[in-house]
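Let's take a walk through this protein together, from its overall layout down to single residues. Keep the structure open beside you as we go.

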Amino acid sequence: MNTFIIVLIIAIAFVISPMLKILPTPREKEQMKLRNKARELGMQVQLARIPTAAKTKEQSVLPNGAAYRLPREREQKKLLKTHTTYLLERDSTAQHNWQWFNPKLQAQNEQSTLYDILNSLNDDIQVFESTPNDTSVYWREKGSVEDVEFIASQLRAIQQTEAKGS
């Protein structure tokens, strides 16, 4: 009888163990909340390796993260057909310094408004990207739903600033 109970417990453990691995961890649950909120706000979320500028690749390899993209409205896409894609990376030594992936573009886009907006974002955001189709931030999703709401509002502000400057 005791052997039967022990075998039964072991059999149940073997059946339940894989099911427990399927359940999301607390961190995964939090990420799902952030991603769902982003989708509610019209953003697209894509798992991605956080890009690094060529000069910093040897210094540090950033982990995988997520790109939170805010698509541009149709009118903005028309205005920004010739918009040059640019990326800025947060300086790891000075959180409020942003480095241009292509320094030649910095002179064309030198705007204190852009830096003010980027500096207001969560310190976990590592890279900002602007393309003709969307604006994006790359981060490791260490934040709250309020951070996602703030990111969406700030990306909209950048899009409006870029549309005015075109």
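A residue is called buried here when its relative accessible area is under 20%, exposed when over 50%, and partly exposed in between, using a 1.4 Å probe and protein chains only. What you have is a predicted model, in which local features need pLDDT of at least 70 and side-chain atom pairs count only at pLDDT 80 or more, while totals for chains, interfaces and linings use all residues. Residues are numbered from 1 along each chain as its sequence is written, and side-chain values use heavy atoms, with hydrogens and water left out.

Start with the layout. The protein has six helices and six strands; these are DSSP runs numbered from the N terminus, helices being H or I with at least four residues and strands being E with at least two. Along the sequence they follow the pattern α-α-β-β-α-β-β-α-α-β-β-α. Of the 166 residues, 38% are buried.

Next, look at helix 2, residues 26-40. Its 15 residues reach 21 Å from first C-alpha to last, close to the 21 Å expected at 1.5 Å a residue, where the expected span is 1.5 Å times one less than the number of residues. Which residues of helix 2 are buried? They are Q31, L34, R35, K37 and A38. These cover an arc of only 160 degrees around the axis, which puts them on the same side of helix 2; the arc is taken from the directions from the helix axis to the C-beta atoms. On the other side, P26 and E40 are exposed. After helix 2 comes G42, with a positive phi near 90 degrees.

Finally, the interior. In soluble globular proteins, nonpolar side chains tend to be buried together. A nonpolar core here is a set of buried Ala, Val, Leu, Ile, Met, Phe, Trp, Tyr and Cys residues joined through side-chain atoms within 4.5 Å. The largest one has 25 residues, of which Y68, L88 and F128 touch the most other members. Helix 6 (145-165) gives this core its largest share, five residues. Apart from it lies another core of six residues, including A48, I50, A67 and L87.
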